[in-house]
Amino acid sequence: MRAGLRCWLAVVVCGFSFVASVAQCPPRPQSATVVQDALSIYSQNGVLNASLALGHSVDSGGYTHFCYKYQTGTTTVESPTLRLNQGDRLLLNITDDLTNPGPQSSSAMDMSAPAGATCGDGGPATIQSTNVHFHGLNVSPGCHQDDVLTTLIQPGTPGFQYDIQIPANEPPGLYWYHPHVHGFTEFQVNGGAAGALIVEGMEKYRPEVAGLPERVFVIRQQFLVPWVPGPYELTLNYQTTPPFEGPMPIIQMKPGERQFWRVANATLQDFMPLQLWYQNVPQKLQLVALDGYPLAEPRSVETILIPPAGRAEFIVQAPPPNAYALFNVLAYNTGPTGNPDNAQPLAIIQLSGNAAAKLAAQSATVSAKTSVPQAAVQQASWDHLKFAGLKDATPTTQRKLYFSEEFAGTNGPIQFYVTADGQQQKVFEANEKPMITTHVGAVEDWTIENRALETHAFHIHQLHFMMLEVNGQPVANQDLRDTIEIPYWSGKGPYPSVKVRMDFRDPTIAGTFVFHCHILLHEDLGMMHKILVLP
Ligand SMILES: [Cu+2]
């Protein structure tokens, strides 16, 4: 982030009046208490039927909160974990309760309404509009499913019904949901509007996790002033974390216990190398899935890098008694024009027998879900899992894309671009024609370069892609990902790149959808384009 852009944004944002609104969001957990998982809600008889309302608050520190409110009895909770099985249907009703959510509805920040078809309430996209993206799900981009291009939900309307068919061959794992109105995604995700979605059945592909107590951790980020990269906090299941050592969220484990951790990076921009330190020594983690796709083989690692929007699922061994145990994020260098992603602890891990942990537990109960017993697990066939056989498929097309940035005018804002090679660099517009057109049945190898002095995170909707190469070298593990970091260019030498295989063989995903950088500021400023998959 260069100074020019920061100043421009400060003028834009600080020119708005921040209106203190009625607190709509439920209170968030106190810092330095026992971390609890979000409430899980489950599909029943093949259907998960739920209603969420998007609300807004400003906390005592001035941080703006956005929240997905879910009513359970007389209690309102935030961002429940949606749990479905392969082949289930998700009926999700979303209402928009936003009123004066910060920058007042200003015509300067209204984005043009999507041209052509509209889905939902229509009208202009403003700071008060919302919609939902189901990140990672290999589902239709059509209206009422995972359509972020034409779906707009406006305040004061009856709401909007999502009706999503989870494919029978959907990879089991951790996905997530968040708003995706172009121009305002960062603002709403910044405030915390993000939740986990789990397709059950990991133990059928990765039997290592069968019988283990399961934890779902969502790491979120909040800038003090959205759009102005500056002071921010990371939160772990909505508990603020200290930027340095200090009172921190407490994760409890039983002595000798192994737990199955499912971690989503729901930050706006943070590239997170995660580690577990026991007595200052990084521990081995057994990685079993990335981006909601089980690994072909589990992997023993010390560091798990999750780019913004990525997920990692791994097995953790409890620390020995009296060990000082931390769940840490390491620093990550995003390059000369990137944001500093600093090292900090996310939580302290305490054995549930410890006196301090007992004390903390008096006010809170850990809600670890115990997964199905090992004996009950039937192994499923990998041959039927989505994207099976992609490795041996013959690509029908090769493409090259690149990320780039430039100043526009004297000391003006940076422009952020993602471009298909041979086309003109331009920022995304709602009414643009697709930058790439392909068809159902295609298998394409894409080389994506980073020509900017800043790391970017490539994401495409509706499908996972197979990792083939990094910087021209074959990767050791051909993982299936939906979001991948592409490190910054140093200013000389070849551009850093990844080569991935895109699978358009499933007719479910026919339609128009997007690929973009998942640093949400970049996405909002137009580092995104459309792809059309013809039936
Ligand atoms: Cu970016």
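Trainee: How much space lies in the largest pocket?
Mentor: This is a predicted model, in which local features need pLDDT of at least 70 and side-chain atom pairs count only at pLDDT 80 or more, while totals for chains, interfaces and linings use all residues. Residues are numbered from 1 along each chain as its sequence is written, and side-chain values use heavy atoms, with hydrogens and water left out. On a 1 Å grid over the protein atoms alone, a pocket is an open set of points with protein on both sides within 12 Å along at least five of seven lines, and a volume is the space filled by probe spheres set on the points, which are joined across faces, edges and corners. For the largest pocket this space is about 690 Å³.

Trainee: Which elements give two or more residues to the lining of the largest pocket?
Mentor: Lining residues have an atom within 4 Å of a point, and the largest pocket has 32 of them, with Pro 29, Gln 36, Asp 37, Ala 38 and Asn 237 lying nearest its centre. Strands are DSSP runs of E with at least two residues, numbered from the N terminus. The elements that give two or more residues to this lining are β1 (40-42), β4 (75-78), β5 (81-84), β12 (195-199) and β13.

Trainee: How many residues of strand β13 are buried?
Mentor: Buried means under 20% relative accessible area, with exposed over 50% and partly exposed in between (1.4 Å probe, protein chains only). Pro 213, Arg 215, Phe 217, Ile 219, Gln 221 and Phe 223 point one way from β13, while Glu 214, Val 216, Val 218, Arg 220 and Gln 222 point the other way, and all are buried. Strand β13 (residues 213-223) is therefore largely enclosed by the rest of the structure, the number of its residues that are buried being eleven of eleven.

Trainee: Which residue of β14 is the bridge partner of Arg 220?
Mentor: Two strands pair if DSSP finds at least two bridges between them. With strand β17 (residues 258-266), β13 pairs in the parallel sense over seven bridges, and there Phe 217 stands opposite Val 263. With strand β14 (residues 232-236), β13 pairs in the antiparallel sense over five bridges, and the partner of Arg 220 in β14 is Thr 235.

Trainee: In β25, which residue is the bridge partner of Leu 326?
Mentor: Strand β25 (residues 344-351) is mostly covered, with eight of its eight residues buried. Strand β16 (residues 250-253) runs parallel to β25 and is joined to it by four bridges, whereas strand β24 (residues 325-329) pairs with β25 in the antiparallel sense over five bridges. In β25, Ile 251 has Ile 349 as its bridge partner, and Leu 326 has Ile 348.

Trainee: Which residues are the protein donors of the copper ion?
Mentor: Donors are N, O and S atoms within 2.8 Å of the metal (3.2 Å for Na, K and Ca), and sites may look incomplete, since water is not among the atoms. In sequence the donor residues are spaced H-x60-C-x4-H. The donor atoms, ND1, SG and ND1 in turn, lie 2.0 Å from the copper ion, and they belong to His 456, Cys 517 and His 522.

Trainee: How far apart in sequence are the parts that His 456 and Cys 517 tie together?
Mentor: Both His 456 and Cys 517 are buried. His 456 lies in strand β31 (residues 456-460) and Cys 517 in strand β37 (residues 511-517), so the pair ties together parts whose separation in sequence is 61 residues.

Trainee: Which strands stand at the edges of the open sheet of five strands?
Mentor: The order of this sheet is β29-β38-β37-β31-β35, with mixed pairing, and within it β37 and strand β38 (residues 528-534) pair in the antiparallel sense over six bridges. An edge strand has a single partner strand, so one side of it is left without a neighbour in the sheet, and this holds for β29 (436-439) and β35 (483-486).

Trainee: What is the volume of the largest cavity?
Mentor: A cavity is a set of points where a 1.4 Å probe fits but cannot get out, and a search of the whole structure finds three of 30 Å³ or more. The residues that line the largest cavity include Pro 141, His 461 and Thr 512. Its volume is about 40 Å³.
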